Amino acid sequence: MMKPLTKPFPRHWLRLSTTISRLNQSLLQSKHPNPTFNDSSSSSRSDLIATRMVNLCKDWKNKSCEQRRLFSETISEPYPKPTEPNLSSSNSSVPIDAGSSIRKPISLWPGMYHSPVTNALWEARSRMFEKPGDKPVDSVSQSELGTKTPSESRTTILYKFSSDFILREQYRNPWNEIRMGKLLEDLDALAGTISYKHCCSEDGSTMPILLVTASVDRMVMKKPILVDTDLNITGAVTWVGRSSMEIQVEVTQSTQDAADASENIALVANFTFVARDAKTGKSSPLKQILPETEKEKLLWEEAEQRNKIRKHKKAENRMTFANENKDRLNALLAEGQVFSDLPALADRDSILIRDTYHENSLMCQPQQRNIHGRIFGGFLMRKAFELAFTNAYAFAGSAPRFVEVDHVDFVKPVDVGNFLRFKSCVLYTELEDPSRPMINVEVVAHVMRPELRTSQVSTQIQTCKN
């Protein structure tokens, strides 16, 4: 007969109960060789046993605390606690160790999204606190908020891949290369931390605002990133409008054959964040940026131009094409019509877009939320990028290499409990260089609401691989 399943007691409970049982037996044998339980001796024996039990509990607790202290010291010796920068101060010279959070057993945000870098960044961001003002956030003028320089928001993450085996293994893909999806995830987390750092006062306080990722402009891979060489990610605010800001993030990796510092840059990305009042959801003003160096002024001008282009496209609500692109599009549409109406006569070197579709779905869980309670944007970027990678892999028949991200648009926020559906397709291919054929993949994320029979676009990303 099978024994009924019972919940096991913790090991220290069993050890304590065994010790008390032995103590009870030894007391009885010492005071009464042939014990007889009578009323006269039961009270004194119970008092003695109770006293010994209290002393035993104290001794066990002290010994357990001592063992835990020694164990903690033993574990912490190989991994000394890194010096963490204070994000509220203007000193940004100390980089954040990407692997520091791996060596901490307890997270500051249980249940929220965790990765080595997001843990380290959000722990640094926890030093900031909201300080309500005397009037609503959206009614505060920018002149009242003051200005900040790009250097005051500059933040660096250091990946010690050459010496930190645990960290390196979390970023290695099956081809012994860097996992670009996880790197994109870290770029978004860093950009979010920089945005809060720009809004932070000297005492570490910020207005009660929400800073969310609105879009990511063209992200170009300039050279391959090695997974066994130390990596640096540095970012700073380069441009600020009334309620939006642009943050440029650079990924650098030093190599022996690099002639100057510019050759160490592996990737550059521009993130746009918007500020919203935490209570009303209306746009909130931001501190203005004050460029100091010639490079910072040039970055500000480039960001200003990109912002004008974004506004122009939004006002037209359509994409503009050059004449040669229009002709190419019309030719592709004509060829697609042949596939539909005369499939036997279609070009065998072509394929319909609908035949390249790949998709996956997921339920947004509480463990994927950020510190604001919504689904972490970097997590969405990683899921979209990895789906684009698998689509290009299936289309080309070999592992593709990431070249660039044309743009990422966060149309609507994604909440915990949403039913999210990612749809991916190959938009077009480029064969100008036969040695490097290019595959352009688009991924669109839809928030599905079966109860309401609705589907809305939340995120859109276009990538290019070869």
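**Entry 1: Asn264.** I began with Asn264, which I found in the loop between β9 (244-252) and β10 (265-277), where strands are DSSP runs of E with at least two residues and helices are DSSP runs of H or I with at least four, numbered from the N terminus. Before going on I noted that this is a predicted model, in which local features need pLDDT of at least 70 and side-chain atom pairs count only at pLDDT 80 or more, while totals for chains, interfaces and linings use all residues. I also noted that residues are numbered from 1 along each chain as its sequence is written, and that side-chain values use heavy atoms, with hydrogens and water left out.

Is Asn264 buried or exposed? I looked up its relative accessible area, which is 14%, so Asn264 counts as buried (under 20% is buried, over 50% exposed and anything in between partly exposed, with a 1.4 Å probe and protein chains only). Leaving aside neighbours within four places in sequence, I listed the contacts of Asn264 (heavy atoms within 4.5 Å) as Lys223, Val251, Thr252, Gln253, Ser254, Thr255 and Ala258.

**Entry 2: the chain.** I recorded ten helices and 16 strands for the chain, and I noted that 40% of its 466 residues are buried. Of the contacts with a separation of 6 or more, 73% are between residues 24 or more positions apart.

**Entry 3: α7 and α10.** I then took helix α7 (residues 180-199) and helix α10 (residues 377-396), which pack at an angle of about 155° with their axes 8 Å apart; the axes are lines fitted to C-alpha atoms over the stretch in contact, and angles run from 0 to 180 degrees between N-to-C directions. The two helices, α7 and α10, are therefore roughly antiparallel to each other, a term for angles over 145 degrees, with under 35 being roughly parallel, 65 to 115 roughly perpendicular and the rest oblique.

On the α7 side I found Met180, Gly181, Lys182, Leu184, Glu185 and Asp188, which meet Gly377, Gly378, Phe379, Met381, Arg382 and Phe385 in α10. The residues of this contact divide into five nonpolar, three polar and four charged, with Asp, Glu, Lys and Arg as charged, Ala, Val, Leu, Ile, Met, Phe, Trp, Tyr, Cys and Pro as nonpolar, and the others, Gly among them, as polar.

**Entry 4: cysteines.** How many disulfides does the structure hold? I found zero disulfides, the criterion being a pair of cysteine sulfur atoms within 2.5 Å. The sulfur of Cys199 has its closest cysteine sulfur in Cys200, 8.8 Å away, which is too far for a bond. Cys199 is buried, at 10% relative accessible area, and Cys200 is buried as well, at 0%.
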